[in-house]
Amino acid sequence: MTELSVVGKNVIRVDARTKVLGKDEYCSDIKLPGMLHTKVLGSHYAHAKILSMDTSEAQKVSGVRCVVTQKDAPKKLTGIIIKDLPILASGVVRYVGEPVAAVAATTLEAAEQAMDLIKVEYEELPAIFDVEEAAGTNPPVIIHPDFSNYRVMLPPERLSTERPNVFTHIKVYKGDTDKGFEESELIVENRFVAPSIQHCALEPHAVVVRPEPDGGLTLFTGKQGISRVKEDIAATFGIEPHKVRVKQQYVGGAFGGKVILYEYIPTLLALKTGRPVKWVMTREEASVLGGPREGMVLIVKDGFKKDGTLVARKMEVFVDGGAYAENIPGITRNCSSVAICMYRIPHLKWDGYAVYTNTPKRSGMRGFGVNEVDYAIESSMDIAAEKLGIDPVELRRKNLLREGEPMLNGEITHSIGAAECLDRVCESIKLKEKGAPEGPWRKGKGLALGNKYSTARTHCGARIRVTEDERVVIYHGADAIGQGVNTVISQMAAEEFGISPDKVDVVFSDTAITPYFGNGSTSSRTTFNLGNAVRRACDDAKRQIFQMAGWNLDAPPEILDIRNMEVYVRTHPDRKIKVRDLFSPRQNRPPQISSGVGDEAGEIIGKATYRMDGIPDDPRTGQIDPVLARQGQRFMAFYAYVAKAVEVAVNIETGEVKVLRCYGAIDLGKAINPKTCEQQSEGGMAMGIGSGLHEAMLMENGRVLNPNFSDYRAPLAAQMPFNENMKTFFVESAPHKDGPFGAKGFSEGVVTGMEPAIANAVHNAVGVRIKELPITPEKVIRALRERG
Amino acid sequence: MKQLITLRINGVDEGLYVEPWWTLSRVLREELNLIGTKEGCGGGHCGSCTVLIDGKAVMSCLYLAMKARGKDIMTIEGLQGENGALHPLQEAFIEHFAVQCGYCIPGMIMTAKALLAENPNPTEEEVRAGLSGNLCRCTGYVKIVEAILSSAEKKGN
């Protein structure tokens, strides 16, 4: 491969300057003339019938322009995979805070005043909050008795008729686990619990909806996936899709929390009033209506031979999806991947259940279920290692899948840098050396492996415009959510044209202008998918440039190359022409050949689609067709492997756990911009320290008790290790054959493995095993007392 | 009932009609369109609304606009030097890759400015403690702390 001049370098982020100046307009900053403000009234009860609603007093408040309830809204049920969700509660409420009415007013104060005057009469119904109880075959409360009438985009094999509150049942079966456990010489069985947590994107969820003169709408958003918003809003409100425009600039953080749709209510208000309507969620609303992450109960049973060979794994996973399904079916399906694409296991029985409870509906969070599963399986590995008397690193290394081997769903392993990740972090942190106690503090070290897939069966486009002043403009429809997408693709385009990245501009996130980007910036997919599309679009533009240059240089396009916006004959580089000169009329060309760019309105436009093809799995077994797999067909686009090693100090008097050192290795194929990769890694490790030690959504009778930043403890700088103790290692020894420059996405995997590494380190320090997150001082003290 | 008051913001006297319950953050963002000051929680816990009042870092989402009369208010917009020259802290945040989604950044920079004014040569521990009122979900704080420390070294004041 030729030496890269821009890719692989620490190019300064293209968005940094305007952000430090505070000049960027985020969605929550937008003001439009005549704009109205939104307030949403939420239900007081977790489960209740709505007997009556009276909005007459609310309508009289000065400044109020519209009060809506379900009778004003389209009757269609919405939802990403299961259409179970009304825009406003219709006859029944299923979680505390569920929207029952909304107000649009000229000021927020007027809207709040009106909200307080809306009278709702409820008849409380019994509610159910415990996920395992709700998942039963005869639960005391059935949350969606009409489920069989809903439109469901799932095969019948993925539904559960015996469990009335289970809305998705995922099976991944391989071999015969009964036989496997019979052959096992050690069986470890444990139950793990991961609570619901909050995404805590600093910018709250926001949308501004502006009605357009042609009956259409423009939505200003801060989302992951603008195309879905356009399609869904058009379909729900019966507007022709080409009249719905969705656009955004920089988003103040997302982490998966800005995927589910919340645009319906402001759209309804905008259509009714004919005025622009803005809704910025308060932090309390964002913590409930924004959709917290799912919680999980995981039961893991692993069978080993005495020499540490994994023989069988049985897992039962209950995913608390709250009152409406949203993207929880996908999470329940895909979270199994971390358990099936890392280790070789002849027998597997995985049953995952997505369960309704009378709690807020959820939105998947960075990792999409994988972190909770990794917590369970990587804790289980350490538990087994201790019982077997085998070194935990050796136990993992021994069972790791290798390149070319089938995974547990039949997919062929490709690009697995897990072993090197493991080695790098364990050697660097000197895993076997335990730190000396300091007063009541006991030190310990722990590790975990992990991985994060990226979805396949998607496609996205990119457009490249080469201009007369030799700039390259990239058009894309992905989401700039802080990950540095515009910098990374600028580097790739700069590499393709042999120019400096500051000659590249980016136009992004506007459904009227930019190409389609399927699924939005989710699933760690942007660098891989958009990067490939951008490179192909560059190729398309270069093809046209070489054709035009070829006429001028009297050389066939195949022998031409480009550097610094100058086209030259590879073997005779003194035969050259500047791209800018292609835009000028040329005298010495045959009259029957068009002059090229001068005739084409001064633009060279390259375009391309990148299709990430994949094959489906069998819903009865989760297996993919082995014949297709052997041909190289894939279920997931790629898997990025990670390893974490942490050192903790545990206070045996207070139970407090401090993370002293935190090392993360990422199998990322190729670091397009190493500094931006470090950015992700450091942020991911911080998120894992938060969910490992501090974070949980607390509820009482379905009411979220800590929907704010004071009682919900996302970590602050003082709770993190010092800079020199946070290390990131890049593993580039397993590039992906389809990744741009070999790169894989990893912006979720950077969190994976933190929780089990911390749990394993706590065990190493003080000999107690905490199987419920977060690992709070109370839990540690209780466990220490129980152990005696 | 709205009252006409004068607020000195970034060295400029602004005449404004404000309600007595309006926060400084609302006045900056809604009345003056100084959107660099953000609102992440409305409760004084995330720090993205941090501005300087007479040189001290303040959560503008908890500070009543009326109370700011007669004081010197500085927002992120006031940090630039002449001819658009970046403040050394702004340069440092760019150079050290301290910026990701950007939403916490104005608050971080204003807090850092106040911190360095009070303690020109802080240790890493002191910087981290000084950021106790500023939440970031993207960065893990590593490069923010690095940027502030490097800015302190460079400035030497």
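User: Where is A:Asp618 found?

Analyst: This is a predicted model. In it, A:Asp618 lies in the loop between β23 and α17 (626-630) of chain A.

User: Why is A:Asp618 called partly exposed?

Analyst: Its relative accessible area is 23%. Buried means under 20% and exposed means over 50%. The value for A:Asp618 falls in between, so the residue is partly exposed.

User: Which residues does A:Asp618 contact, leaving aside its neighbours within four places in sequence?

Analyst: A:Asp618 is in contact with A:Arg158 and A:Gln623. A:Lys171 is 447 residues away in sequence, yet 9.3 Å away in space, C-alpha to C-alpha.

User: What makes β17 and β23 of chain A a pair?

Analyst: Pairing needs at least two bridges. Nine bridges join strand β17 (residues 458-466) to β23(A), and the strands run antiparallel. They therefore count as paired. A:Cys460 stands opposite A:Tyr610 in β23(A). A:Tyr610 belongs to the covered face of β23, whereas A:Arg611 is on the uncovered one.

User: How do you know that the span of helix α15 of chain A agrees with its number of residues?

Analyst: The helix has 28 residues, 526-553. At 1.5 Å a residue, these should span 40 Å. The end C-alpha atoms are 38 Å apart, which agrees. Just after this helix, A:Asp554 takes a positive phi of about 55 degrees.

User: Which residues have the most contacts inside the largest nonpolar core?

Analyst: They are A:Phe497 and B:Phe93, in a core of 232 residues. A second, separate core has 40 residues, including A:Leu88 and A:Tyr324.

How values were computed. Residues are numbered from 1 along each chain as its sequence is written. Chains are lettered from A and ligands numbered from 1 in the order in which they are written. This is a predicted model: local features need pLDDT of at least 70, side-chain atom pairs count only at pLDDT 80 or more; totals for chains, interfaces and linings use all residues. Side-chain values use heavy atoms; hydrogens and water are left out. Helices (H or I, at least four residues) and strands (E, at least two) are DSSP runs, numbered from the N terminus. The expected span of a helix is 1.5 Å times one less than its number of residues. Buried means under 20% relative accessible area, exposed over 50%, partly exposed in between (1.4 Å probe, protein chains only). Contact means heavy atoms within 4.5 Å. A nonpolar core is a set of buried Ala, Val, Leu, Ile, Met, Phe, Trp, Tyr and Cys residues joined through side-chain atoms within 4.5 Å.
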